[in-house]
Amino acid sequence: EQAKNLSAKLKKAGLKKGDRIGVVSSLRPAWFALHYVALQDEYIMVCMDPGVPALQMQKMMVDTDVRAVFSSIKGVHLPKELENHIPVYAVDDDFELLSKCNKVDSILLGDAEPMLEDTFYVLFSSGTTSANRKAVLLSHKTITKSIDYCMDIPVGKKYASIIFTNNK
């Protein structure tokens, strides 16, 4: 039900297949609905560590062309280019709207630049000391194969960790 409501809310805000959703949060149980909606509606999740300095995070949001932001921090600061032009939602508060904006300003922002086919996640590395940020792209195919793999694990078996790689 939560995923269904979230999907409707994002579509009403003007998001469409291939649009990027910024996620400024450490892993949260409430992410399940966001993951499901992003997989189902083919959005791309751009995951950013909330500990990254605000100016760097703002640059990542602009560089990846996010069209909505989900955050576990109440005081997420959007870049001036995006302020009042994209919606901001809380990850932990049943996806309540935090910003005054409830619709993507497509007149100002235009269409999102296409990304590599089948991209689902863009994960930024927080462990870099260079000026160049590093990111990993994961595809819908990789994520769904990983989910299928996990669903096939017999109940009761315990695994210390499962590492997902392309085509495995």
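Biologist: In this predicted model, which residues are exposed on the other side of helix 1?

Modeller: Lys4 and Lys12 are exposed there.

Biologist: And which residues of helix 1 are buried?

Modeller: Helix 1, residues 2-12, buries Ala3, Leu6, Ser7 and Leu10. Viewed down the helix axis, these buried residues fall within an arc of 105°, so they line one face of the helix. Here is the general idea: an α-helix has 3.6 residues a turn, so residues three or four places apart point the same way.

Biologist: What covers the buried residues of helix 1?

Modeller: The cover includes strand 1 (20-24), helix 2 (31-41), strand 3 and strand 4. After helix 1 comes glycine 14, with a positive phi near 105°.

Biologist: Let's turn to rings. How is a pair of aromatic rings described?

Modeller: By the distance of the centres and the angle of the planes. In this structure the count comes to one aromatic pair. Phenylalanine 70 and tyrosine 89 are stacked, at 4.8 Å centre to centre with 20° between the planes. This pair links distant parts of the chain, since phenylalanine 70 lies in strand 3 and tyrosine 89 in strand 4, 19 residues apart.

Biologist: Is phenylalanine 70 buried or exposed?

Modeller: Phenylalanine 70 is buried, at 0% relative accessible area. Tyrosine 89 counts as buried too, at 1%.

Biologist: Now for another residue: where is phenylalanine 120?

Modeller: You will find phenylalanine 120 in strand 5, residues 119-124. Phenylalanine 120 is buried, with 0% relative accessible area. Leaving aside neighbours within four places in sequence, its contacts include His35, Leu39, Tyr43, Leu138 and Ile143. The C-alpha atoms of phenylalanine 120 and valine 46 are separated by 8.5 Å, with the two residues 74 apart along the chain.

Conventions. Residues are numbered from 1 along each chain as its sequence is written. This is a predicted model: local features need pLDDT of at least 70, side-chain atom pairs count only at pLDDT 80 or more; totals for chains, interfaces and linings use all residues. Side-chain values use heavy atoms; hydrogens and water are left out. Helices (H or I, at least four residues) and strands (E, at least two) are DSSP runs, numbered from the N terminus. Buried means under 20% relative accessible area, exposed over 50%, partly exposed in between (1.4 Å probe, protein chains only). Contact means heavy atoms within 4.5 Å. Rings of Phe, Tyr and Trp (its six-membered ring) pair if their centres lie within 6.5 Å; planes under 30 degrees apart count as stacked, over 60 as edge-to-face and the rest as tilted. The arc is that of the directions from the helix axis to the C-beta atoms.
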